[in-house]
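Please consult the sequence and coordinates while reading.

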Amino acid sequence: MLRRRAASKADAGLQARRGSKTTWSNLTYSYSSLPVPSITAIMAVMKSMTALEAKNRFGEVMEAAQRQPVSITRNGRPSVVIISAESYARRQRVARERLRQAMQRAGEYAAAHGMNEDALGMMLADES
């Protein structure tokens, strides 16, 4: 309830300045149109072993994980995937970059639609 009133107040302020109502809940982002393979398709191509095998041959699992992800199953279902530290670090860098880009796009969209420090302050103001 508090959030809804604050957003309405900010929208009213923007409407008064711009002459039209801006709805911030309609923010949408487009992502790459590349197809995303299903988890079963991914699991089919990676090395897989049971949890007991992984426990008994942990050194081999670590070596294999340096080359490609290794799926560990428990009760016949995928449980965990082991990847190399290098692969993990690369995935983290990619995720951080994607987040930075999304935040930049959101900021640009907000600025293009009249969001400024005053409007943000009104949205975040405590009405108690």
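Arginine 90 is partly exposed, with a relative accessible area of 40%; on this scale, buried means under 20%, exposed over 50% and partly exposed in between (1.4 Å probe, protein chains only). Its partner in a salt bridge is glutamate 86, with the closest N and O atoms 3.7 Å apart; the term denotes a side-chain nitrogen of Lys or Arg within 4 Å of a carboxyl oxygen of Asp or Glu. Glutamate 86, at 59%, is exposed. Because glutamate 86 and arginine 90 are 4 residues apart in helix 5 (residues 85–112), about one helical turn separates them.

This is a predicted model, in which local features need pLDDT of at least 70 and side-chain atom pairs count only at pLDDT 80 or more, while totals for chains, interfaces and linings use all residues. Residues are numbered from 1 along each chain as its sequence is written, and side-chain values use heavy atoms, with hydrogens and water left out. The mean pLDDT (the predictor's confidence in each residue, from 0 to 100) is 77 for the chain, and 66% of its residues reach 70 or more. Helices (H or I, at least four residues) and strands (E, at least two) are DSSP runs, numbered from the N terminus.

The structure holds 3 salt bridges. Another of them also lies in helix 5: arginine 100 meets glutamate 97 at 2.6 Å, N to O, and the two are 3 residues apart, about one helical turn. Glutamate 60 and arginine 57 form a further one, at 3.2 Å; both glutamate 60, at 47%, and arginine 57, at 34%, are partly exposed.

Three strands form an open sheet in the order 1-2-3, with mixed pairing; two strands pair if DSSP finds at least two bridges between them. Strand 1 (47–50) and strand 3 (77–82) are the edge strands, each pairing on one side only. Strand 2 (residues 70–74) runs antiparallel to strand 3, joined by 5 bridges, and valine 70 stands opposite isoleucine 82.

The largest nonpolar core has 7 residues, Met49, Ala54, Val61, Ala64, Ala65, Val70 and Ile72; such a core is a set of buried Ala, Val, Leu, Ile, Met, Phe, Trp, Tyr and Cys residues joined through side-chain atoms within 4.5 Å. Helix 4 gives the most to this core, with 3 residues.
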